[in-house]
Every structure is written in C-alpha cells, then in structure tokens.
Amino acid sequence: MAGFDKVVSSYEEALHGLTDNMTVIAGGFGLCGIAENLINEIKRRGTSGLTLVSNNCGVDDFGLGILLPKRQIKKIIASYVGENAEFERQMMAGELEVELTPQGTLAEKIRAGGAGIPAFYTATGVGTPVAEGKEERNFNGRDYILEEAIVGDFAIVKAWKADRYGNLIFRKTARNFNPLAATAGKITVVEVEEIVEVGELDPDQIHTPGIYVNRVIQGTFEKRIEQRTVRAKTPSTNNGEQ
Amino acid sequence: MALSREQIAQRVAQELKDGYYVNLGIGIPTLVANFVPNGIEVMLQSENGLLGMGEFPTDDEIDADLINAGKQTVTMATGASVFDSAESFAMIRGGHVDLTVLGAFEVDVQGNIASYMIPGKLIKGMGGAMDLVAGADNIIVTMTHASKHGVSKLLKQCSLPLTGKGCIKKVLTDLAYLEIKAGKFHLVERAPGVSVEEIIKLTEGELVINGDVPEMSF
C-alpha cells in the first residue's frame, strides 16, 4: 500500500491484526449487505472472545452465525437475534452474552462512536428494561436516557463499489448499518463487488469518504436471501406487500 | 363477529390520509398496504433504510440487496429513496413519520405497550419497535382483544416488560376500536355484530362508554 491506496489482495491481509477479545462492528441487516468473506476469514483464523456489534447474528450456516459453533463470540450487541438454533442454545445456556439494544439506538451508538460523541440522550427505551442502570434526564418535559457510543477495534463493512482510496458507494438496502460501521472502527475493512480507479466515482455520489476506510478488498458474494417473497407476474395495483 | 386479520387491516387503512409517510410493523400491520383507499397516496417506510416500499418482486425482479424490515424481498415504488440505519431512525425518532402501525401482546390504560418479550420464553429482541413507539405521535396498535382463553390483553397495567411507556393512544382489536385518554380506555367503535357487553367483559382496564357505540363500517 502506498499513499492513499487502501487495496489489499488477500483476506488474511485484510484482517491482519485482529486478535482475541477484540470488539468488531459488523454492517448488515439480516443477511443483506453483510461482509460474507470477512466473516469467513474470522472463522478461518479462529479468533475468539469477540464482542460483536451487529443488528443481527446471521443464520446457522451463513453470516455471523458461522462464528458460533466454535464459540468465537463472547458477547453480541444486537437488536434482533435468534434466527438460528445454535444462537438460542448458547444464549439459553448462558454461554453467550446478549445485550439487546433498540435498532435506532444501536445505529446512533455506532454513528456517535465514529463521530467522536461519547454519549447521547434518547427517549427510546424510557420505562423499559433497556433503561435499567442508565442516567435519566428530563428535557422540555420529556424523559430521556443516556446511551453511550460504541467504537470497534475493527469494523467489517460490505459496500458495492470502492475506488482505490476507499471512497465507497452502497447499493439499495444493503447500505443499512454499513456506512455507520465504517466510521466507527479503529481499523475499518471493506469488501466490495468492484474496485475502480481513483477518479471514476462521482464525488457527489460517494456515500462514505475514504478517510474512514483502512483496507479495501474485492470479493465475490453469495448474497443469500432470508425471506424470498414474490408476486405473480400479472400486473397488480397493490401499493405494498402481500 | 370478531374481525379477521384482513378486516383489522382494512379498518386501520381508513385512518390513512393523503400524503402520509407510514411505517407498518410485521404481521397484521403489513396487510394495511393492501387496503390503501383509492385516490390517496401514502409512502411506506421500512426501518432498514427504505422510504417508498413497493410490492413484492416478480421472480425475475428479485434483488438480494433490496429487502424490507421483515427481511422479505421487495421492490421500490416510484419516488423511493434509500438511506442508512441512522438516517432511518432519525426520521422515526424525529417524529417525521405520520403514522406507525404495530402489533402488541398487551396495552394498558396508561398507554403502555408490551410487545417484544415474554420472560422465560425465547427472547428475540425489540428490533426497531422501541424507537418506533418512542418517536411517533400517531400510533395504532393492532392486536386481539383477549387470549384464546378469554384473558383480556387491554389491562389496568401491563404485566410483561414494556416496549414503550405512555405512548399509545389508539388500539384496534378484533372486537373494537378504542382510544386511551386520561388513564382510561374509551370505546369508539365496535366490530359488526359484537355487543358492548362482550367488549366490557373482555376489557380489564377501565372502559368508558359514551352513549350508543357505532359499529365499524367497511
């Protein structure tokens, strides 16, 4: 690597420096926009004792769920879990620590972490189990709780395109937590479908500026679908689902 | 007759107004999209980062990068936009969504809602529900009025851990449409063929009935 060139050529190099007991922030929502190959590499390395920060924890044989069988995850901070059997088993047996966090609070904790804001007040969770042990304060007649920011030793991110400087563009709802995660890793590693030359991305269209990104690698992706829902091909006037 | 899931959704849809941005939860709330009244435009927000959710894709339109908050493959309506999760919840928490519809296990006379956790059973998490109930002013809760065993879910005080405190003002059950005001349920409408007496019997929290309660019309 030279200058601002962030491109690395192997997954081993991409996660160089990841060691046991670190905190890893992972982008993705369900199985959409997850860093599949970086997760595979964490599995291969056998890194353990990890604290994972991710909206979900994958399924049994795909996504972050593949880190469960060898007990690589010590703790997960997530908003919605339990889409896989091994996760349930470890959680019920007390082998896996789970900190359930409201989705918007989780997003904001990561955003704040990346933006140098140590904590923020939110009305989300007031009067619920989420508020237990947290400072409460009233602003303009309404109660709020203090939530602390999250910073990761590593962030693993999936983007659509990057240039060699690590400027990123995401695609559709695969964006989700990825741009936030990218800002909040001490080392941010991004895998993408395509790496282009510097200057090829329109600066107006860049979602994440390269300053947040340390390493970029090009991968190939399975992009597994969790809930395949389709409609018949006949024209329909429905505005929504079903 | 108690309302079917579709009828509950159909009654909720009558509350939609032209130009509303709406977040629909998983389950019955999702069905509301099928009953948008003719002549009005609404835009559906999906908290994973999509404003302007369209219908399900055809087989050849399926895109793994385009899902809704229920992780189902969807399409984008004309005029849609996509954004990250912090932006999505800025919309929600900041009160920019005009109507939120979500399900619940219990609600009570104080406007408390319990919808995400039954202690002792598997805990899957609150997802975006706590942000949605804290951020929205206009929320409709859809639920069954009582359990299969006739135990009321409209309570003096929620027994399950709360999703939100004092945030619910409107409840649509399979038996009735109710508002919550000043620590009481107020019966606004009843399902066709359901008597006021039946609703009283299945409502544990204090229930106010003013004069003749009209039946819902569809």
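Predicted model: local features only at pLDDT ≥ 70, side-chain atom pairs only at ≥ 80, totals over all residues.
Chain B has 5 helices and 13 strands. These are DSSP runs, with helices (H or I) of at least four residues and strands (E) of at least two. The radius of gyration of chain B is 17 Å, close to the 17 Å that the globule rule gives for 218 residues, so chain B is as compact as a globular protein of that length. The radius is taken over C-alpha atoms, and the rule is 2.2 Å times the number of residues to the power 0.38.

| Property of chain B | Value |
|---|---|
| C-alpha box along the principal axes | roughly 50 × 40 × 30 Å |

The largest nonpolar core has 56 residues. Such a core joins buried Ala, Val, Leu, Ile, Met, Phe, Trp, Tyr and Cys residues through side-chain atoms within 4.5 Å. V107(B), I113(B), V141(B) and I168(B) touch the most other members. I168(B) touches residues including G111(B), V133(B) and I180(B), not counting residues up to four places away in sequence. Contact means heavy atoms within 4.5 Å.

Local features need pLDDT of at least 70 and side-chain atom pairs pLDDT 80 or more, while totals for chains, interfaces and linings use all residues. Side-chain values use heavy atoms, without hydrogens and water; residues are numbered from 1 along each chain as its sequence is written, and chains are lettered from A in the order in which they are written.

Definitions and conventions:
Buried < 20%, exposed > 50% of the residue type's maximum accessible area, 1.4 Å probe, protein only.
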